[in-house]
Amino acid sequence: MNSFIILKILGQLASPMGVFTAGLIVGAVLILFRLPRLGRLVAALAIAQLIVFSLSPVSNALMLPLEDEARAEAAAAPACCYDAIVVLGGSVGPAVPPLRPDPELFDSSDRVWHAARLFHRGLAPRIIVSGGSFLVATGQASPTQTEAVAMRQFLVALGVPESAIVMEGKSLNTIENMQETRALVGTGRIALVTSGFHMPRALRLARKAGLEADAFPTDWQVLPTASPWWESLTPSVGALAASGIAIREYLAWAFDHRSVAVKS
(Lines give C-alpha, C1' and ligand atoms only; values in the text may rest on other atoms or scores of the structure.)
Protein backbone atom coordinates (compact mmCIF):
# COMPACT_ATOMS: atom_id res chain seq x y z
CA MET A 1 0.00 0.00 0.00
CA ASN A 2 2.75 2.47 0.95
CA SER A 3 4.69 1.80 -2.26
CA PHE A 4 1.49 2.31 -4.26
CA ILE A 5 0.92 5.74 -2.71
CA ILE A 6 4.57 6.77 -3.03
CA LEU A 7 4.70 5.81 -6.71
CA LYS A 8 1.45 7.66 -7.43
CA ILE A 9 2.77 10.83 -5.78
CA LEU A 10 6.14 10.60 -7.54
CA GLY A 11 4.39 10.00 -10.86
CA GLN A 12 2.29 13.12 -10.43
CA LEU A 13 5.26 15.26 -9.40
CA ALA A 14 7.46 14.00 -12.26
CA SER A 15 4.79 14.55 -14.92
CA PRO A 16 5.03 17.71 -17.09
CA MET A 17 1.99 19.18 -15.34
CA GLY A 18 3.48 18.34 -11.95
CA VAL A 19 6.78 20.02 -12.84
CA PHE A 20 4.88 22.99 -14.27
CA THR A 21 2.83 23.44 -11.11
CA ALA A 22 5.83 23.01 -8.83
CA GLY A 23 7.87 25.43 -10.94
CA LEU A 24 5.23 28.15 -10.72
CA ILE A 25 4.91 27.70 -6.97
CA VAL A 26 8.68 27.80 -6.43
CA GLY A 27 8.96 30.78 -8.76
CA ALA A 28 6.29 32.68 -6.81
CA VAL A 29 7.97 31.88 -3.49
CA LEU A 30 11.34 33.10 -4.77
CA ILE A 31 9.77 36.35 -5.95
CA LEU A 32 8.14 36.81 -2.54
CA PHE A 33 11.57 36.32 -0.95
CA ARG A 34 12.95 39.10 -3.14
CA LEU A 35 14.68 36.91 -5.68
CA PRO A 36 12.66 38.06 -8.70
CA ARG A 37 15.15 37.10 -11.42
CA LEU A 38 15.57 33.56 -10.12
CA GLY A 39 11.84 33.25 -9.55
CA ARG A 40 11.03 34.34 -13.10
CA LEU A 41 13.69 31.98 -14.47
CA VAL A 42 12.24 28.99 -12.60
CA ALA A 43 8.71 29.86 -13.76
CA ALA A 44 9.90 30.31 -17.36
CA LEU A 45 11.65 26.93 -17.32
CA ALA A 46 8.49 25.31 -15.94
CA ILE A 47 6.44 26.80 -18.78
CA ALA A 48 9.07 25.86 -21.39
CA GLN A 49 9.19 22.19 -20.36
CA LEU A 50 5.39 22.03 -20.49
CA ILE A 51 5.44 23.33 -24.07
CA VAL A 52 8.23 20.92 -25.09
CA PHE A 53 6.43 17.88 -23.70
CA SER A 54 3.24 19.01 -25.48
CA LEU A 55 4.86 18.48 -28.88
CA SER A 56 4.14 15.23 -30.74
CA PRO A 57 7.77 14.59 -31.82
CA VAL A 58 8.82 14.70 -28.16
CA SER A 59 6.02 12.48 -26.86
CA ASN A 60 6.60 10.02 -29.72
CA ALA A 61 10.33 9.88 -28.94
CA LEU A 62 9.51 8.98 -25.34
CA MET A 63 6.82 6.45 -26.20
CA LEU A 64 8.29 4.72 -29.25
CA PRO A 65 11.11 2.75 -27.52
CA LEU A 66 8.54 1.19 -25.17
CA GLU A 67 6.18 0.25 -27.98
CA ASP A 68 8.98 -1.02 -30.23
CA GLU A 69 10.08 -3.40 -27.48
CA ALA A 70 6.48 -4.55 -27.04
CA ARG A 71 6.17 -5.22 -30.79
CA ALA A 72 9.39 -7.25 -30.77
CA GLU A 73 8.13 -9.36 -27.86
CA ALA A 74 4.76 -9.84 -29.56
CA ALA A 75 6.43 -11.01 -32.77
CA ALA A 76 8.26 -13.70 -30.80
CA ALA A 77 5.16 -14.96 -28.96
CA PRO A 78 3.74 -18.35 -30.04
CA ALA A 79 0.18 -18.19 -31.33
CA CYS A 80 -1.31 -21.04 -29.30
CA CYS A 81 -1.46 -23.20 -26.25
CA TYR A 82 -1.74 -20.96 -23.19
CA ASP A 83 -3.24 -21.85 -19.83
CA ALA A 84 -4.73 -18.39 -19.36
CA ILE A 85 -5.00 -14.93 -20.82
CA VAL A 86 -4.08 -12.35 -18.18
CA VAL A 87 -5.40 -8.84 -18.76
CA LEU A 88 -4.07 -6.10 -16.50
CA GLY A 89 -6.18 -3.36 -14.94
CA GLY A 90 -6.07 0.35 -15.61
CA SER A 91 -8.54 0.23 -18.46
CA VAL A 92 -12.00 0.13 -16.88
CA GLY A 93 -13.45 2.12 -13.98
CA PRO A 94 -15.66 0.14 -11.59
CA ALA A 95 -19.30 1.00 -11.06
CA VAL A 96 -19.90 3.39 -8.16
CA PRO A 97 -23.65 3.32 -7.56
CA PRO A 98 -25.73 5.40 -7.46
CA LEU A 99 -23.44 8.04 -9.02
CA ARG A 100 -22.11 5.68 -11.72
CA PRO A 101 -24.23 2.52 -11.93
CA ASP A 102 -22.17 0.92 -14.71
CA PRO A 103 -18.42 0.47 -15.35
CA GLU A 104 -16.68 3.22 -17.34
CA LEU A 105 -14.34 2.53 -20.24
CA PHE A 106 -11.03 4.41 -20.26
CA ASP A 107 -8.66 5.06 -23.19
CA SER A 108 -6.85 1.78 -22.53
CA SER A 109 -10.03 -0.36 -22.52
CA ASP A 110 -8.57 -1.91 -25.70
CA ARG A 111 -6.89 -4.29 -23.23
CA VAL A 112 -10.17 -5.96 -22.29
CA TRP A 113 -11.45 -5.98 -25.86
CA HIS A 114 -8.19 -7.55 -27.05
CA ALA A 115 -8.39 -10.20 -24.33
CA ALA A 116 -11.91 -11.09 -25.49
CA ARG A 117 -10.76 -11.39 -29.11
CA LEU A 118 -7.90 -13.67 -28.08
CA PHE A 119 -10.29 -15.83 -26.05
CA HIS A 120 -12.73 -16.17 -28.95
CA ARG A 121 -9.78 -17.09 -31.15
CA GLY A 122 -9.13 -20.04 -28.81
CA LEU A 123 -5.80 -18.83 -27.43
CA ALA A 124 -6.60 -20.01 -23.88
CA PRO A 125 -9.57 -21.54 -22.02
CA ARG A 126 -9.82 -18.79 -19.39
CA ILE A 127 -9.15 -15.11 -18.78
CA ILE A 128 -7.71 -13.76 -15.54
CA VAL A 129 -8.69 -10.14 -14.91
CA SER A 130 -6.17 -8.53 -12.57
CA GLY A 131 -6.92 -5.25 -10.84
CA GLY A 132 -7.98 -4.13 -7.38
CA SER A 133 -9.09 -0.77 -6.00
CA PHE A 134 -7.48 1.67 -3.59
CA LEU A 135 -10.91 2.48 -2.15
CA VAL A 136 -11.69 -1.20 -1.55
CA ALA A 137 -8.24 -1.81 -0.04
CA THR A 138 -8.75 1.07 2.40
CA GLY A 139 -12.31 0.04 3.28
CA GLN A 140 -13.98 2.96 1.51
CA ALA A 141 -15.84 0.83 -1.06
CA SER A 142 -17.36 -2.62 -1.37
CA PRO A 143 -15.53 -5.59 -2.96
CA THR A 144 -17.88 -5.28 -5.94
CA GLN A 145 -16.15 -2.02 -6.91
CA THR A 146 -12.80 -3.36 -8.09
CA GLU A 147 -11.35 -3.16 -11.59
CA ALA A 148 -11.51 -6.95 -11.81
CA VAL A 149 -15.30 -6.89 -11.36
CA ALA A 150 -15.66 -4.13 -13.96
CA MET A 151 -13.50 -6.01 -16.46
CA ARG A 152 -15.53 -9.17 -15.94
CA GLN A 153 -18.73 -7.25 -16.74
CA PHE A 154 -17.15 -5.88 -19.91
CA LEU A 155 -15.90 -9.32 -20.98
CA VAL A 156 -19.33 -10.89 -20.43
CA ALA A 157 -20.85 -8.14 -22.60
CA LEU A 158 -18.27 -9.10 -25.26
CA GLY A 159 -19.48 -12.71 -25.26
CA VAL A 160 -17.00 -14.35 -22.88
CA PRO A 161 -18.73 -16.91 -20.60
CA GLU A 162 -18.65 -15.86 -16.96
CA SER A 163 -17.42 -19.36 -16.09
CA ALA A 164 -14.25 -18.71 -18.12
CA ILE A 165 -13.33 -15.56 -16.17
CA VAL A 166 -11.18 -15.64 -13.03
CA MET A 167 -11.01 -12.47 -10.94
CA GLU A 168 -7.94 -11.21 -9.10
CA GLY A 169 -9.11 -8.12 -7.26
CA LYS A 170 -6.38 -7.57 -4.66
CA SER A 171 -3.50 -6.02 -6.61
CA LEU A 172 -2.90 -2.26 -6.78
CA ASN A 173 0.14 -2.14 -9.06
CA THR A 174 1.97 -4.23 -11.65
CA ILE A 175 4.24 -5.98 -9.15
CA GLU A 176 1.20 -7.14 -7.18
CA ASN A 177 -0.59 -8.07 -10.44
CA MET A 178 2.17 -10.56 -11.15
CA GLN A 179 2.47 -11.91 -7.63
CA GLU A 180 -1.26 -12.56 -7.38
CA THR A 181 -1.37 -14.04 -10.89
CA ARG A 182 1.54 -16.36 -10.03
CA ALA A 183 -0.48 -17.63 -7.05
CA LEU A 184 -3.40 -18.39 -9.37
CA VAL A 185 -1.65 -20.07 -12.31
CA GLY A 186 1.46 -21.55 -10.70
CA THR A 187 3.81 -22.67 -13.45
CA GLY A 188 1.17 -22.32 -16.16
CA ARG A 189 1.86 -20.44 -19.36
CA ILE A 190 0.10 -17.10 -19.77
CA ALA A 191 -0.69 -14.70 -22.59
CA LEU A 192 -0.16 -11.26 -21.08
CA VAL A 193 -2.42 -8.45 -22.33
CA THR A 194 -1.74 -4.80 -21.58
CA SER A 195 -0.99 -1.54 -23.40
CA GLY A 196 2.06 -1.48 -25.67
CA PHE A 197 3.84 1.16 -23.59
CA HIS A 198 3.22 -0.87 -20.42
CA MET A 199 4.16 -4.27 -21.85
CA PRO A 200 8.00 -4.16 -21.46
CA ARG A 201 7.81 -3.46 -17.72
CA ALA A 202 4.87 -5.82 -17.16
CA LEU A 203 6.63 -8.64 -18.99
CA ARG A 204 9.85 -8.21 -17.01
CA LEU A 205 7.94 -8.26 -13.73
CA ALA A 206 5.93 -11.30 -14.83
CA ARG A 207 9.09 -13.25 -15.56
CA LYS A 208 10.73 -12.10 -12.33
CA ALA A 209 7.67 -13.45 -10.51
CA GLY A 210 8.28 -16.85 -12.09
CA LEU A 211 5.56 -16.69 -14.73
CA GLU A 212 6.05 -18.14 -18.20
CA ALA A 213 4.59 -15.14 -20.00
CA ASP A 214 4.36 -14.02 -23.63
CA ALA A 215 3.34 -10.59 -24.88
CA PHE A 216 0.02 -9.75 -26.56
CA PRO A 217 0.05 -5.94 -26.44
CA THR A 218 -2.60 -3.50 -27.62
CA ASP A 219 -3.59 0.18 -27.17
CA TRP A 220 -0.84 1.61 -29.39
CA GLN A 221 -0.06 5.31 -29.00
CA VAL A 222 2.49 6.11 -31.74
CA LEU A 223 0.71 5.73 -35.08
CA PRO A 224 0.96 7.24 -38.57
CA THR A 225 -1.18 10.34 -38.96
CA ALA A 226 -2.84 11.97 -41.94
CA SER A 227 -2.40 15.44 -40.45
CA PRO A 228 0.00 17.96 -42.07
CA TRP A 229 3.54 17.82 -40.70
CA TRP A 230 3.39 21.31 -39.24
CA GLU A 231 0.58 20.30 -36.87
CA SER A 232 3.10 18.16 -35.00
CA LEU A 233 4.92 21.37 -34.07
CA THR A 234 1.84 22.74 -32.34
CA PRO A 235 1.42 21.88 -28.63
CA SER A 236 -1.48 19.51 -27.98
CA VAL A 237 -3.19 18.03 -24.95
CA GLY A 238 -2.85 14.53 -26.45
CA ALA A 239 0.93 14.81 -26.82
CA LEU A 240 1.21 16.19 -23.28
CA ALA A 241 -0.78 13.25 -21.92
CA ALA A 242 1.36 10.75 -23.86
CA SER A 243 4.56 12.35 -22.55
CA GLY A 244 3.24 12.08 -19.01
CA ILE A 245 2.36 8.41 -19.49
CA ALA A 246 5.83 7.59 -20.85
CA ILE A 247 7.61 9.50 -18.07
CA ARG A 248 5.57 7.72 -15.41
CA GLU A 249 6.34 4.38 -17.07
CA TYR A 250 10.10 5.00 -16.97
CA LEU A 251 9.83 6.17 -13.36
CA ALA A 252 7.76 3.12 -12.42
CA TRP A 253 10.30 0.81 -14.07
CA ALA A 254 13.09 2.29 -11.91
CA PHE A 255 10.90 2.03 -8.81
CA ASP A 256 9.78 -1.54 -9.59
CA HIS A 257 13.36 -2.62 -10.26
CA ARG A 258 14.41 -1.34 -6.83
CA SER A 259 11.38 -2.94 -5.13
CA VAL A 260 11.97 -6.35 -6.72
CA ALA A 261 15.68 -6.18 -5.83
CA VAL A 262 14.84 -5.45 -2.19
CA LYS A 263 12.36 -8.35 -1.98
CA SER A 264 14.59 -10.92 -3.68
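1. The side chains of Glu249 and Arg201 meet in a salt bridge, at 2.7 Å from N to O; the term means a side-chain nitrogen of Lys or Arg within 4 Å of a carboxyl oxygen of Asp or Glu. Glu249 belongs to helix 10 and Arg201 to helix 9 (residues 199-208), so the pair ties together parts that are 48 residues apart in sequence. Both Glu249 and Arg201 are buried, where buried means under 20% relative accessible area, exposed over 50%, and partly exposed in between (1.4 Å probe, protein chains only). Helices are DSSP runs (H or I, at least four residues), numbered from the N terminus.

2. This is a predicted model, in which local features need pLDDT of at least 70 and side-chain atom pairs count only at pLDDT 80 or more, while totals for chains, interfaces and linings use all residues. Residues are numbered from 1 along each chain as its sequence is written, and side-chain values use heavy atoms, with hydrogens and water left out.

3. The whole structure holds 8 salt bridges. Side chains of opposite charge can pair when their charged atoms come close. One of the salt bridges joins Arg71 and Glu67, at 4.0 Å from N to O. These two residues are 4 apart in helix 4, which means a separation of about one helical turn. Arg71 is partly exposed, with a relative accessible area of 32%, whereas Glu67 is buried at 0%. A network of salt bridges links Glu67, Asp68 and Arg71.

4. Glu104 and Arg100 form a salt bridge too, with the closest N and O atoms 2.4 Å apart. Glu104 is partly exposed at 35% relative accessible area, and Arg100 is partly exposed at 27%.

5. The largest pocket holds about 1,300 Å³ of space. Its lining has 45 residues, and those closest to the centre are Lys8, Gly89, Gly90, Arg111 and Glu147. On a 1 Å grid over the protein atoms alone, a pocket is an open set of points where a 1.4 Å probe fits, with protein on both sides within 12 Å along at least five of seven lines; lining residues have an atom within 4 Å of a point. Grid points are joined across faces, edges and corners, and a volume is the space filled by probe spheres set on the points.

6. Which helices each supply at least two residues of the lining of the largest pocket? They are helix 1 (2-14), helix 6 (134-137), helix 8 (174-185) and helix 10 (237-263). Helix 10 gives the most, with 9 residues. By class, the lining of the largest pocket divides into 17 nonpolar, 19 polar and 9 charged residues. Here Ala, Val, Leu, Ile, Met, Phe, Trp, Tyr, Cys and Pro count as nonpolar, Asp, Glu, Lys and Arg as charged, and the others, Gly among them, as polar.

7. The second largest pocket has about 360 Å³ of space. Of its 18 lining residues, Ser56, Asn60, Gln221, Leu223 and Thr225 lie nearest the centre. Helix 4 (56-75) and helix 10 are the elements that give two or more residues to this lining, and the largest share, 4 residues, comes from helix 4. The lining of the second largest pocket has 8 nonpolar, 9 polar and 1 charged residues.

8. On the surface, Ile25, Val29, Leu32 and Phe33 form a nonpolar patch with about 460 Å² of accessible area together. Such a patch joins nonpolar side chains (Val, Leu, Ile, Met, Phe, Trp, Tyr) within 5 Å, from residues with over 30% relative accessible area and no salt bridge. Accessible areas come from the Shrake-Rupley method with a 1.4 Å probe, and for residues only the protein chains shown count as cover. Ile25 is found in helix 2 (residues 16-32) and counts as exposed at 51% relative accessibility.

Methods
Patch = residues over 30% accessible without salt bridge, like charges linked within 9 Å, V, L, I, M, F, W, Y side chains within 5 Å.
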